[in-house]
Amino acid sequence: MARRRKLTPGKLLVRIIQYGSLVIASIAVLLPLWSTIAGSFKTPVEYINTSHSAPPANWLNFDNYRQVLFPQTGLPIGWAFFNTAMIMGCAVVLLVIFGTMLAFVLNRFRFPGRRLLLGTYAALVAVPSILTPVSTFQVLQFLGLANSRWALVALYSGADIVSILIFIQFIRNISTEIDDSARIEGASYFQIFFRLILPMLAPAIATVVILRCVYIYNDFVLPFLYASRPSESTVSIMLYNFTGITNTISQAVIMAAVIIVILPTLVGFFFLQRFIYAGITSGSVKG
Amino acid sequence: MSPEQQRMTVIVAFLFVPMVSLILLNIYPVLQLIYISFTDFNGINWMRARFVGLRNFSDLLTRDSELMLPIVNSLYYFAGSCVQIVLATWFAVILNMKLPGSRLFRTILFIPFVLNSVAAAVVFRQVLQLDGTLNDFVQLIFGHGVKVPWLDARQSYSNFSLAAASVWRYLGFNLVVTFGALQAIPQDQYDAARIEGANDWQSFWRITFPSIRNVLFLQLALSVVGSLEVFEVPQLITYGQGKTSTFAIQMIQTGFQFRRAGEAAAMAVFMLLLVLALYLVTQAIARRGNAPVGGGGLGA
Amino acid sequence: MPFLQLENVSKSFGSFKALNDISFTAEAGDFVVLLGPSGCGKSTLLRLITGLTEDHEGEIYINGRNVTDLDPKDRRVAMVFQSYALYPHLSVARNISFGMEINHLPRAERDRRVLEAARALQLEDLLNRLPAQLSGGQRQRVAIGRCLVREPDLFLFDEPLSNLDAKLRHDTRVELKHLHQRLKATTVYVTHDQHEAMTLATKVVLLKGGEIVQIASPTELYARPVNRFAATFIGSPAINLVAGELDSAGRFTGGGLDVQLPGSIFDAPAGARKVELGLRPENAVIVPPEEAQQTIAVDYVEPTGADLYVNGHAGGQEVVARAGRTANIAAGDRLPLRWQLDQALVFDAESGRRI
């Protein structure tokens, strides 16, 4: 007969405290979300008169959603999603192409200035993007990109230390014997990169793509600084403007807008959790 | 083409675009920022910008009333960050025990981090509003009609609310990072300790903590820098009004709203120097305690 | 002109001299093993032959051509790497045909050669599999197949068996031997395992510290090692080196021995001097005590199934002797031995060279 070690009262207490803290934290996370969801189905009057955390009278009241998706005035929010998708697409493609090339060169070749280059990317971590807008804006104006989505594409595809680290880590694990074998077979460095290394980087690329897309979709600061015109704006700016006009729009409608915005993220998150955790861990723990 | 030439071609070809991007969008702006901080540039017209030397900096340091507020606010956020790291470690350790339901809890606690910034701010804000859920609890305890204006920007305690919002948003990140570090600790060490009779508390301090010390230190360093440059949370929840203004918010306002780019640049440079100083300090401490800090460990 | 020729090859990395004045030749069909301990430079030498590492002194000739200044792809060589370096995202067939694709060989020709190689290595059923789905032995065959289709002048192997477990190592070694006999391909093979070298090589190049110690066939290396290092490197368990003195009449005393050495074992006239007498464990014969040349005190015995290795000491020095597996010997015994002195080797105690 199998014997299990008894759960002592001391251990039980500890377990209760542990689970208790987890539950409390979970409530702290879920309660605001619940209020938002509940609020999005309430009518404006209902919203004002009931507690935020009370469930709506009618779970199928999609009025607020209709107002957000098909507004009487102003720009349809489809624009914002389109802009965001376009920016994400372009930026991620550029980042993957040039990020992998950069990692390849940094890992496989020795050349003067290599350490300096690596050091520069590392040092950039200390320069938060929030501090440079005064001058970055000037540069963007000079390039004719100011206040447009292309400014965001340029910035989002640029030197991201986390992505580069992920690529470099991964390339490190690709044995140089692969390169050697290909060289003996007659391949040029270009061929080695495009036919061998790049396909072998697929998992890293997937991680980077997911991480970057999440980051771009959620980012507020960069669009706020460099592309706040409504026609060029991203989902973040659209929502920001939306929530600023509480005078004419009920909070309930804003709740609906919020749900619309976070729905794709939540769906994506549940399917792609693993990648996100892996990316954050490798990008930071080993950095 | 000789192998040497081929190598050079590949290096140049592959590095060209990243270099251009790095210089144009990262390096040059920093240099130009430093330059602008010595002028009275208004952000639009270069022609009328004049060199004013260190005037922007001296102005900045003498207007100490305006400087104090953001710095004090940074302390709120830093305190919040410390709480955040401690909580994250606590939860990470619990989740690492692989109790039933761990996966679910980890997912839940991480959700705020993957939400859109603006959305997250709105979600959290409506809990703190006058008729929000938090005040529902307050009324439950203190009686109907008692409502605390958690987000009143004219009061400094509203910074607690904002710091709490920051913790709510970013706890998941620290959790995942610390959890990842915990997972890397080989189970054998714990087994050996158990055989020798160590209890949970001892295991934690003698095995777990030393192994994740570096990661925790890194998070601490990041939070120091983060507290100085905090922008998003206050901007999104209270629009940086009143007592909730931060250094970064003021800088943006000075530069873009008040059209005093030179002063704003000076503020930015001041901030950069502060961050740099703190960065060096943390590196020095790290070296003493033999903990590799992020950024110095990239030698490939 | 020999098929493979290295002339005065030296290579330095900064101030570290990895290879010093290496010269040797090989005929077509030879199986040359570069043997030596870790760090002796054998892998560096292999890389110089392939052209992966450049910038060395000396010349290298393959099949009559001076390849010293040529790229790897122009040297007509093929190499099997330690970890096989199979391309993980390509099927077996694509792995094998990769080189041909790069060089724009027509489709029909590529397919033909792949099929031929697959047949020779029994890989026909595996052509569509990915490397991750193959066993270690199968992966190695794919790596060899990749070399075969290039129809190279020279085959190169870099410690290909070191990643395999003991049983697989033996089987694969046998396969390689068969392959070499069939194809008669000129091969250069790097290893630190003297057993592999002995069984596979037609010619062994023994290296130490970047220099050639001896170039010889395996049997010659075993029977007539040029110095102490070569003698101890070949043969397992290692040869016994008994320190003692040699007089001008060829009598050796030391380690509990006092024997007259047969003149046939000397290559050169020996004078009286301090020497080390090399006696291989397998040259020991157990005799009744009255006939013994040396009596050792047994420390412990190692049964290997087929033999019994007796570890003991005599005259203050350690001795290992091989006995039959049924011999009744235990720790603490005193074992009387006689040695087959016509197989003995004598080394000058100071220089280590064989006399």
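Tutor: In β7(C), C:Phe157 is the bridge partner of C:Val80. This is a predicted model, where local features need pLDDT of at least 70, side-chain atom pairs count only at pLDDT 80 or more, and totals for chains, interfaces and linings use all residues. Residues are numbered from 1 along each chain as its sequence is written, with chains lettered from A and ligands numbered from 1 in the order in which they are written.

Student: What makes β6(C) and β7 of chain C partners?

Tutor: Two strands pair if DSSP finds at least two bridges between them. Here four bridges join β6(C) to β7 (residues 154–158), and the two run parallel. Strands are DSSP runs of E, at least two residues, and helices are runs of H or I, at least four, numbered from the N terminus.

Student: Why do β6 and β10 of chain C stand at the edges?

Tutor: The open sheet has the order β6-β7-β8-β3-β9-β10 (chain C). β6 (77–80) and β10 (211–216) each have a single partner strand, so one side of each lacks a neighbour in the sheet.

Student: Over to chain B: why are α1(B) and α12(B) called oblique?

Tutor: Their axes, lines fitted to C-alpha atoms over the stretch in contact, with angles from 0 to 180 degrees between N-to-C directions, cross at roughly 120 degrees. Under 35 counts as roughly parallel, over 145 as roughly antiparallel, 65 to 115 as roughly perpendicular and the rest as oblique. α1(B) and α12(B) are therefore oblique to each other.
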